[in-house]
Amino acid sequence: MDALRLGVGVHLPQGFLTDAAVDYLTEIDYDQLGEDWAEEAYAELSKPVHGKQAPLRRTTPRPRRRPPTPSSPVNTSPASVGPLCRLADYLEQYGRASRRSLCPPASSWDASHAHLTQPHDLDNLVVAARARFRLQWANHLRLRAADQGSTDALRALAVLREETGDREGAEDLARRAADHGSTNVL
């Protein structure tokens with residue numbers, strides 16, 4: 001719920017969900033977890049509860065069909081990140097309303113940094129982390145987004161390098177952004 005309301009896409013890696021869940025549990029609940037708690041949870045969440053809809057289901061995203069940038073590989077299939085899950089729409093709506101003023105715990109930010117690979121998702125999380133004064137996470141997520149080819153992150157890092165007097169570093173980041181299709185930063 002938190003990932004979706006902060007701007008992450010609807011297809012969430014199962015590893016992300018497992019790692020993010022840890023800090024949502026109380027100490028007592030966490031101490032009572034068995035070795036296969038995650039598998040049991042995913043099995044329970046995949047059972048339909050409202051008609052035919054399950055709270056969480058495995059999904060396969062459609063392949064993206066976009067023109068290639070000069071630095072993009074020929075193969076356009078997404079990198080394998082393990083099974084992907086999708087939260088039921090009614091739970092996404094409930095989460096947006098009920099958790100609006102809450103900040104995700106540290107395990108959510110950590111799991112985002114470790115498992116999410118879509119530049120747009122990471123860019124949205126940078127904005128969300130900054131708005132919640134999670135500035136260290138914002139910085140780490142921005143670096144991760146830049147590594148994944150986010151032109152917004154590359155531009156922001158280039159500006160920071162420019163402000164600190166590192167013109168060569170700024171130029172290098174600007175060229176990387178241009179290689180990913182953004183010429184505005186040049």
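Helix α7 passes helix α8 in a left-handed crossing; left-handed here says that the near helix is turned anticlockwise from the far one by less than a right angle, and right-handed that it is turned clockwise. Helices are DSSP runs of H or I with at least four residues, strands are runs of E with at least two, and both are numbered from the N terminus. This is a predicted model, in which local features need pLDDT of at least 70 and side-chain atom pairs count only at pLDDT 80 or more, while totals for chains, interfaces and linings use all residues. Residues are numbered from 1 along each chain as its sequence is written, and side-chain values use heavy atoms, with hydrogens and water left out.

Staying with that pair, α7 covers residues 119-131 and α8 covers residues 135-147. Their axes come within 8 Å and cross at roughly 165°. That makes α7 roughly antiparallel to α8. Axes are lines fitted to C-alpha atoms, for helices over the stretch in contact, and angles run from 0 to 180 degrees between N-to-C directions. Under 35 degrees counts as roughly parallel, over 145 as roughly antiparallel, 65 to 115 as roughly perpendicular, and the rest as oblique.

On the α7 side the contact residues are Pro 119, Leu 122, Asp 123, Leu 125, Val 126, Ala 129 and Arg 130. They meet Leu 135, Trp 137, Ala 138, Leu 141, Arg 142, Arg 144 and Ala 145 in α8. Contact means heavy atoms within 4.5 Å. By class, the α7 and α8 contact has 10 nonpolar, no polar and 4 charged residues. For those classes, Ala, Val, Leu, Ile, Met, Phe, Trp, Tyr, Cys and Pro count as nonpolar, Asp, Glu, Lys and Arg as charged, and the others, Gly among them, as polar.

The loop between α7 and α8 holds Phe 133. Phe 133 has a positive phi of about 60°, although it is not a glycine. Is Phe 133 buried or exposed? At 68% relative accessibility, Phe 133 counts as exposed. The cut-offs are under 20% relative accessible area for buried, over 50% for exposed and partly exposed in between, with a 1.4 Å probe and protein chains only.

Helix α8 has another partner, α6, at residues 106-115. The axes of α6 and α8 come within 9 Å and cross at roughly 15°. The two are therefore roughly parallel to each other, and α6 passes α8 in a left-handed crossing. From α6, Ala 106, Trp 109, Asp 110, Ser 112, His 113, Ala 114 and His 115 meet Trp 137, His 140, Leu 141 and Arg 144 in α8. The classes for this contact are 5 nonpolar, 4 polar and 2 charged residues.

Next, Val 8, which sits in the loop between α1 (2-5) and β1. Val 8 counts as buried, at 5% relative accessibility. Which residues does Val 8 touch, not counting residues up to four places away in sequence? They are Ala 3, Leu 116, Asp 121 and Leu 125. Val 8 and Asp 121 are 113 residues apart in sequence, but 4.6 Å apart in space, C-alpha to C-alpha.

Now the other helix pair, α2 (residues 14-21) and α4 (residues 37-45). They pack at an angle of about 115°, with their axes 11 Å apart. They are therefore roughly perpendicular to each other, and their crossing is right-handed. Gln 14, Leu 17, Thr 18 and Ala 21 in α2 meet Trp 37, Ala 38 and Tyr 42 in α4. That contact divides into 5 nonpolar, 2 polar and no charged residues.

On to the sheet. It is open, with 3 strands in the order β1-β3-β2 and antiparallel pairing. Strands pair if DSSP finds at least two bridges between them. The edge strands, each pairing on one side only, are β1 (12-13) and β2 (56-59). Between β1 and β3 there are 2 bridges, and Leu 12 stands opposite Cys 85 in β3. Between β2 and β3 (residues 84-87) there are 4 bridges. Leu 56 has Leu 87 as its bridge partner in β3, and Arg 58 has Cys 85.

Last, the whole chain. The protein chain has 10 helices and 3 strands. Buried residues make up 33% of its 186 residues. The C-alpha atoms fill a box of roughly 55 × 35 × 30 Å, taken along the principal axes. Of the contacts with a separation of 6 or more, 67% are between residues 24 or more positions apart.
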